[in-house]
Amino acid sequence: MIRSLLRWLLCLVALLALLLAGPAWMLASGTIATDVHWSSLDRTSAGLAPLPESSNEAVVQVYAANAYNWRGAFGVHPWIAFKAEGEPDYRILQVMSWRRPTIVNVVDTPDRAWFGNAPMLLADYRGDAATALIPEILAAAERYPSAERYRVWPGPNSNTFIAWVAREVEGFDVALPATAVGKDFLFGSVVAPTPSGTGYQLSLGGVLGLMLAKEEGIELNLLGLSFGIDVMRPALKLPGIGRLGMPARVAGNVDY
């Protein structure tokens, strides 16, 4: 009996060590800034979005960057940037933990760093495709079931919001990174399409699950942190660290 209990405790400790190894590395390596005030961190443009003055077409893009402070060792914060045809400014649609309602839709720089962390482009739709998507995305945001509630772990959070909108809007496919903690929170459902629309996932409250999809590959969710393998674009996915291997494909109708 005691030996069996000790064996289970050792397995639990080993599992926790495995899950936290990546985030611990992110903190120890200095990749994530934890001792700098938010007001002094970089918020400049990364130059990934077309400038409104040089591009008249509609644009819808999805970005993600490591979250602010220690949270960035575990996961990313995502947002949707969009501009209607002929509009001079981009608007940013995202969920913020300190706001009620949590959904924010404001004019802003589409591709600016997230408090010192450079953004990565996850999806890029332009022209007629973007024009068709914008009202559908805004309508989906109005239906978001957790506009008054935010929970860092296991969700609903900013990653839950983007994943939910992607599932709601046909043609708006986004393969969120493995470090998008909260993307597997399904609001009471157990099985759902993946945000990329290329497969399905099983999830129990966002803390245990399995994902199988062409774009996301194979991902195992343990306590909200994901391990995975991308077969189509060979890469290993690790908690905190993210993707090791070929870069993920940018979804949308723009070739990269």
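Author: Lys183, Asp184, Gln201, Leu202, Gly209, Leu210, Met211, Glu219, Leu220, Asn221 and Ser226 line the largest cavity. This is a predicted model, in which local features need pLDDT of at least 70, side-chain atom pairs count only at pLDDT 80 or more, and totals for chains, interfaces and linings use all residues. Residues are numbered from 1 along each chain as its sequence is written, and side-chain values use heavy atoms, with hydrogens and water left out.

Reader: What makes a space a cavity, and what makes a residue part of its lining?

Author: On a 1 Å grid over the protein atoms alone, a cavity is a set of points where a 1.4 Å probe fits but cannot get out, and lining residues have an atom within 4 Å of a point. Two cavities of 30 Å³ or more are present.

Reader: Why is strand 1 (residues 59-66) called mostly covered?

Author: Buried means under 20% relative accessible area (1.4 Å probe, protein chains only). Eight of the eight residues of strand 1 are buried, so the description applies.

Reader: How do you know that strand 1 pairs with strand 5 (residues 120-126)?

Author: Two strands pair if DSSP finds at least two bridges between them. Strand 1 and strand 5 share six bridges in the antiparallel sense, and therefore pair.

How values were computed: 1 Å grid on protein atoms, 1.4 Å probe; cavity = no way out; pocket = protein on both sides within 12 Å on 5 of 7 lines; lining within 4 Å. Points joined across faces, edges and corners; volume = space filled by probe spheres on them. Buried < 20%, exposed > 50% of the residue type's maximum accessible area, 1.4 Å probe, protein only. Helix = DSSP H or I, 4+ residues; strand = E, 2+ residues; numbered from the N terminus.
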